[in-house]
Amino acid sequence: MTPQLRIPATYMRGGTSKGVFFRLEDLPERAQTPGEARDRLFARVIGSPDPYAAHIDGMGGATSSTSKCVIVSPATQAGHDVDYLYGQIAIDSGALDWSSNCGNLSTAVGAFAIAAGYVDAARAVDGVCTIRIWQANIGKTIIAHVPVAGRVVETGDFDLDGVAFPAAEIVLEFVDPADASDALFPTGHPVDTLKVDDAVVSGGMILATLINAGVPTVFIDAEDLEYTGAELRDAINGDVDALTRFEALRTAGAEAMGIVKTTRAPAIAFVASPIDHRTSSGREVLAGEVDLLVRALSMGKLHHAMMGTASVAIAAAAAVPGTLVNKAAGGGERTSIRFGHPSGALSVGAEAHQANGQWIITKAVMSRSARVLMDGHVHVPADSF
């Protein structure tokens with residue numbers, strides 16, 4: 001019989017995602033460094049690969065929002081408090097994607113850092129502990145403003161659409177969110193024309209905004225896809241032809257941006273000007289309550305709310321006149337917007353300016369919440385990795 005290992009872990013909600021959080025030093029020695037052992041361990045923790053797509057034998061929730069693991073460790077970069085490494089686990093194959101960040105789970109990293117003993121809550125000023133996080137997947141700084149009262153404050157009255165219960169608000173700043181190795185607009189244009197097969201789009205050509213902030217993202221006008229922008233998950237995820245078309249557009253966007261396509265990047269989203277609509281919970285939203293509508297796909301399926309990294313891309317694109325996102329929001333210069341997503345709405349902001357003819361985003365800001373759901377030990381068969 002193979003024994004099970006008991007590994008200290010914390011199950012946390014961050015934004016509209018959930019994941020299993022680990023301190024680096026608590027992992028089995030062979031999983032403390034990148035490689036096959038770590039990947040196999042995390043896949044087994046989540047319960048992948050699962051041909052039944054249910055994650056019954058693991059901690060995952062069989063969605064892109066709940067198939068995640070996080071490693072937090074002491075900072076390796078000057079001027080930071082902790083390092084944060086994020087892994088997205090594929091449900092069907094169990095493959096680990098280490099290529100990008102999870103903006104939602106970023107919300108939980110600061111709170112976890114305090115609870116894990118990496119950051120002293122006593123250094124808080126006026127009830128807020130400011131934590132500088134090094135996002136090791138993409139080499140970026142995230143600043144989390146975590147409420148504390150001797151310890152992390154998790155309960156409160158901040159409502160986040162896509163999350164059933166209110167909690168304490170955590171403000172996140174994504175510093176210089178564009179990839180330093182490339183421009184905000186890899187093609188140099190706020191709008192490009194993608195060439196695809198006629199079966200994907202009539203005429204084989206479609207306009208797109210290709211932006212690199214938070215996560216590389218391909219934005220399409222909903223009208224060009226014969227959508228309203230108010231679609232819910234079943235309308236897209238139940239349509240095999242639609243999912244195939246989105247993947248073809250994502251592939252075309254990746255080629256135009258000159259990036260290697262992964263399961264998470266580039267993201268693809270479609271945008272529209274506001275209309276009266278209903279959210280997935282049945283709540284009616286009037287057109288005047290939001291600036292635009294956005295629907296985004298994650299790991300090949302329409303997201304139930306909005307990925308945090310895609311929210312950064314939305315904020316950045318909205319701040320630059322001429323992009324499809326900016327046009328859908330009404331045009332002009334914008335430092336903040338409120339966009340509608342399948343579960344409700346979210347307010348985001350971005351600081352943009354031009355330098356040497358190129359647009360630069362210095363930071364993007366949004367509010368989320370986080371909460372510990374369970375802590376203790378996760379159990380994994382010792383021979384699984």
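Predicted model: local features only at pLDDT ≥ 70, side-chain atom pairs only at ≥ 80, totals over all residues.
Residues are numbered from 1 along each chain as its sequence is written, and side-chain values use heavy atoms, with hydrogens and water left out.

The protein chain holds 6 helices and 20 strands, where helices (H or I, at least four residues) and strands (E, at least two) are DSSP runs numbered from the N terminus. Its radius of gyration is 20 Å, close to the 21 Å that the globule rule gives for 385 residues, so the chain is as compact as a globular protein of that length; the radius is taken over C-alpha atoms, and the rule is 2.2 Å times the number of residues to the power 0.38. The C-alpha trace spans about 60 × 50 × 45 Å along its principal axes. Of the 385 residues, 54% are buried, a term that means under 20% relative accessible area, with exposed over 50% and partly exposed in between (1.4 Å probe, protein chains only). Among contacts between residues at least 6 apart in sequence, 63% join residues at least 24 apart, contact meaning heavy atoms within 4.5 Å.

Two strands are said to pair if DSSP finds at least two bridges between them. With strand β3 (residues 68-74), β4 pairs in the antiparallel sense over 7 bridges, and one of the bridge partners here is Tyr 86 in β4, which faces Val 70. With strand β6 (residues 128-135), β4 pairs in the parallel sense over 3 bridges, and Asp 83 has Trp 134 of β6 as its bridge partner. With strand β5 (residues 96-97), the pairing of β4 is antiparallel over 2 bridges, and Ile 89 is the bridge partner of Leu 96 in β5. The β4 and β5 strands form a hairpin with 6 residues between them, and in that turn Gly 94 has a positive phi of about 80°.

Helix α2 (residues 103-115) carries a kink of about 25° centred on Val 109, the bend at a residue being the angle between axes fitted to the seven residues ending there and the seven starting there. This helix is mostly covered, with 12 of its 13 residues buried, among them Val 109 and Phe 112. After α2 comes Gly 117, whose phi is positive, near 90°.

Because Phe 21 lies in strand β2 (residues 17-23) and Phe 112 in helix α2, the pair ties together parts that are 91 residues apart in sequence. Both Phe 21 and Phe 112 are buried.

Elsewhere, Phe 22, Phe 42 and Trp 98 form one aromatic cluster, and Arg 38 lies over the face of Trp 98, at 6.0 Å from the ring centre. The charged end of Arg 30 sits over the ring of Phe 385, 4.0 Å from its centre. A charge sits over a ring if NZ of Lys or CZ of Arg is within 6 Å of the ring centre and within 35 degrees of the ring normal.

Definitions and conventions:
Phe/Tyr/Trp six-rings, centres within 6.5 Å; stacked < 30°, edge-to-face > 60°.
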